[in-house]
Amino acid sequence: MGLVSIEAGTKIFNTGDTADRLILIMKGSVRVSFVGGSYILKNGDFIGIADLGHRHTVMTYEAIEKCQVVEYPFSFGQLSSFLTSNKDTHKFFLSSLFRQLGEISGLYRLLKNEYESIKTYLASSYEDYIFMCEKLSTSPGELASYDDVINFDFEEILPEWMTGYYSVLEEIVTGAGTNASDPDFLTGLLLKSSNDITSMVTACSEVETNKTDLMALLVNENGVDLLELFLSLYIKGAKKVGIDDPTMGRIIRTINDIMMQAETQGIDQEEFYEQRKDDYERILIEAKEISLKRDKNVESHGEEQFANVSESLNVIIEYANPSEELAKSFYENISLYKNTVNKNGSEDNIRKLRTQIAKEFNEIYQLAFLRSALETEVPTILKMFFNFGYVDEELIGVDNAVYLYNLVEKLPTDPTIGVYSYYEWLMSIYECKKDPGRNEFDTDYAEYLHEQMRNNKISKKEEAALFNDSESRVKYELDNIFGSVNKTTTGRITTFCPLLSEHNLIKGLEEMLVTADKVRESVVKIRSIDYGAYYRQTMYAAPENGISKEIIDVEILPDFILTPNIGNRGIMWQEIEGKRRTTPARMFLSIFQQEDLYNQILKLTGQFRWEMCKRVQGARWNDITEHSLTSEYFDYVQFYRKNNELSAEAKDKIKNDLVRSKNSFREMFIRDYIVWINFESQGSPRLNKVVRAIMFSYVPFSRDVRKKLGLNPMYKDMVERYEVKQGAKIHRMDNLIKKISNMGKEVPDEIEMQMHFLEG
């Protein structure tokens with residue numbers, strides 16, 4: 001068995017390749033890499049030790065200089081016979097095994113220490129932020145997903161004893177002399193160690209992922225991070241105490257420290273970091289200007305505009321005309337809330353206050369809306385209340401109140417393309433242009449009325465009348481949907497309060513505002529990759545054109561309803577209206593969106609695909625004998641441990657992904673869908689081959705993307721198989737079009753559109 005040369009830069013194995021040979025390095029060096037780290041193999045090391053117990057490689061191996069190696073053909077399950085036949089390799093196996101175990105366990109300890117260091121820094125900095133908010137008598141904002149990330153537990157990843165175990169075992173084996181070369185002992189040692197190396201690699205990957213999540217809480221591209229909270233606090237402090245106050249100096253020092261932490265962790269390599277530094281410089285200038293004029297009574301918008309928003313709560317209460325008891329309670333509770341320093345506090349009295357305000361807010365919202373629906377002119381302050389959750393100029397800040405006052409008369413929404421402010425949505429229900437939605441028990445308005453009739457609470461005549469009764473329709477929507485979606489879209493479930501408040505602002509309102517144009521751009525971008533995202537099948541017939549029955553795909557874009565709040569979470573509330581599959585889905589988003597809008601809509605689209613498939617498949621949505629997106633993905637996750645196509649590392653990743661998805665197959669699919677659209681469409685493989693095959697079958701890329709990916713060997717076969725499959729459908733449709741034309745008939749638009757869809 002002679003020497004083989006491998007040129008520098010050669011990928012010897014990629015993660016997931018078939019482990020079909022063992023390679024002994026005689027000269028040169030090879031980098032072994034995985035998510036979370038890398039190490040170097042040198043003379044006398046074996047490539048493939050980590051993969052002895054698996055059919056596929058768990059790491060990537062690349063020559064970093066020209067190498068001379070000896071290659072040994074090897075098949076899964078043949079280790080014992082291999083060692084018996086190749087006794088000259090035993091000493092190399094042992095020395096390389098323990099060296100690689102030491103390298104990986106060292107990387108794990110280093111990563112874990114880095115993680116704990118960042119975690120400690122983040123926790124202490126967040127505590128400092130809350131303390132400084134108290135010093136400035138300002139209610140702290142919340143850091144999205146902080147609790148989930150900060151409470152991550154390592155116990156499930158890798159046993160604490162493992163690194164120490166192998167350290168001692170090496171001493172025992174080294175002192176065992178020739179006994180250590182016994183084929184049976186060596187086989188057992190190598191197979192067990194191979195599995196443990198895989199566990200260590202998976203642990204490193206998991207720690208690296210969580211370390212990245214922690215760093216994203218410090219600084220991220222969306223600006224929803226601790227840095228933004230401090231920048232926002234600095235502006236608020238400039239208004240209250242000026243920039244020369246000692247607390248303001250402490251805030252600036254912390255901001256600089258966060259920036260330094262980001263640079264230390266390599267975030268300065270990211271494109272967005274330069275933008276965050278620009279944000280920092282802008283905030284410093286803005287705070288200085290605010291501080292210079294903070295003693296002036298008149299806000300920057302002038303006395304006249306200040307007058308427009310003064311006494312807003314009085315205007316809203318008088319317009320809604322609630323009972324005296326409700327009005328008095330709402331006034332008092334708003335006053336208490338305004339004077340509460342930590343509005344997100346977990347104390348029992350603050351929690352009860354938020355709950356009571358939410359209840360009263362919903363009651364007043366309904367009273368005010370029903371009056372507005374009967375009037376041709378609605379006061380601007382009420383429009384602000386309906387569309388933004390605005391109630392008080394001091395609570396949101398006068399400058400922000402004036403901005404909203406000017407904005408609400410020219411809202412950048414557009415119901416004609418399915419982007420509604422919440423008031424526009426309620427009016428469409430009131431005017432019978434849209435039906436009320438399903439409640440949390442999946443019961444729509446028609447079903448609710450029918451159930452009332454069956455229980456003899458209303459007559460059949462009343463059932464028909466109430467279905468078209470404007471007031472009853474809106475009340476159903478407000479009573480059953482509004483409170484839930486308004487709370488959920490904020491992303492602040494435990495600290496929810498429906499009032500628009502400045503303490504929830506970590507960016508400017510203008511920057512966060514969701515517009516019809518922004519929604520349209522996101523949808524267009526998604527469709528340019530997942531061209532079938534919003535299509536569904538329906539039956540078409542045109543006997544006059546010789547078409548008795550044809551299944552066609554039609555595109556129905558979702559309705560996007562903007563809830564009146566500041567939030568960071570979207571909701572795919574329902575995939576269709578009633579029972580009709582050719583009706584728009586309903587997706588709720590905050591009108592002021594803290595997170596990236598495109599990513600929010602992409603997530604909702606993944607959820608829509610899952611729920612739409614379940615709707616079509618009915619009770620057999622997870623029955624693998626009925627091939628569908630949900631049944632195949634369900635089968636993949638449920639039986640992944642028995643899937644021989646998956647490497648050990650892939651199986652460990654699935655296990656961890658399930659934990660992250662809280663054992664929800666739907667949530668796990670959505671995560672994979674986002675990766676599919678954002679990364680796999682760019683030729684950047686992130687998914688395992690089983691998921692990739694499912695996605696390519698049921699979530700195919702657009703023609704332009706397929707053409708680009710067809711040049712990539714990893715995707716080439718899938719693209720070709722897909723094109724053959726689609727080619728047969730296109731050929732059939734082409735024959736139908738020719739048949740209609742030969743009859744002297746005009747080809748229906750529906751058939752032309754179906755051909756366009758099939759061509760992708």
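**Entry 1: a hairpin and its sheet**

I began at the hairpin that β4 and β5 form, with two residues between the strands. Gly36 sits in the turn and has a positive phi of about 115°. I am reading a predicted model here.

Next I looked at how β4 and β5 are joined: they run antiparallel, and I found five bridges between them.

Which order do the strands of the open sheet take? I read it as β2-β7-β4-β5, four strands with antiparallel pairing. β2 (11-13) and β5 (37-41) are at the edges; each has a single partner strand, so one side of each lacks a neighbour in the sheet. From one strand to the next, the twist averages 30°.

At the β2 end I checked the pairing with strand β7 (residues 60-63), which is antiparallel and has two bridges. Phe13 stands opposite Tyr61 in β7. I then asked what packs on the sheet. I found α2 there, touching β4 (30-34) and β5, and its direction makes about 155° with that of β5.

**Entry 2: the helix on the sheet**

I compared the span of helix α2 (residues 90-135) with its residue count. At 1.5 Å a residue, its 46 residues should span 68 Å, and the end C-alpha atoms are 67 Å apart, so the two values agree. Just after α2, I noted that Ser137 takes a positive phi of about 55°.

I turned to helix pairs. Two packed helices are described by the angle between their axes and the distance between the axes.

For helix α6 (residues 226-240) and helix α7 (residues 246-264), I read an angle of about 160° and axes 10 Å apart. The angle is over 145 degrees, the cut-off for roughly antiparallel, so α6 is roughly antiparallel to α7. The crossing of α6 past α7 is left-handed.

I listed who meets whom. From α6 the list includes Leu226, Leu227, Phe230 and Tyr234, and from α7 it includes Met248, Ile251, Ile255 and Met259.

**Entry 3: α5 and α24**

How do the axes of helix α5 (residues 183-218) and helix α24 (residues 648-660) cross? They cross at roughly 40° and come within 9 Å. I therefore recorded α5 and α24 as oblique to each other. α5 passes α24 in a right-handed crossing.

The residues of α5 that meet α24 include Thr198, Ser205, Glu206 and Asp213. Among those on the α24 side are Glu649, Asp652, Asn656 and Arg660. I noted the classes in the contact of α5 with α24 as two nonpolar, seven polar and five charged.

**Entry 4: a second hairpin**

Last, I looked up strand β10 (residues 535-542) and strand β11 (residues 547-555), which pair in the antiparallel sense over seven bridges. Gln537 has Asp553 in β11 as its bridge partner. The hairpin of β10 and β11 has four residues between the strands, and in it Gly546 takes a positive phi near 80°.

Notes. Residues numbered from 1 in each chain as written. Predicted model: local features only at pLDDT ≥ 70, side-chain atom pairs only at ≥ 80, totals over all residues. Heavy atoms only, no water. Axes fitted to C-alpha atoms, helices over the stretch in contact; angles between N-to-C directions. Parallel < 35°, antiparallel > 145°, perpendicular 65-115°, else oblique. Left-handed = near helix turned anticlockwise from the far one by under 90°. Contact = heavy atoms within 4.5 Å. Expected span 1.5 Å × (residues − 1). Pairing = 2+ DSSP bridges. Nonpolar A, V, L, I, M, F, W, Y, C, P; charged D, E, K, R; others polar.
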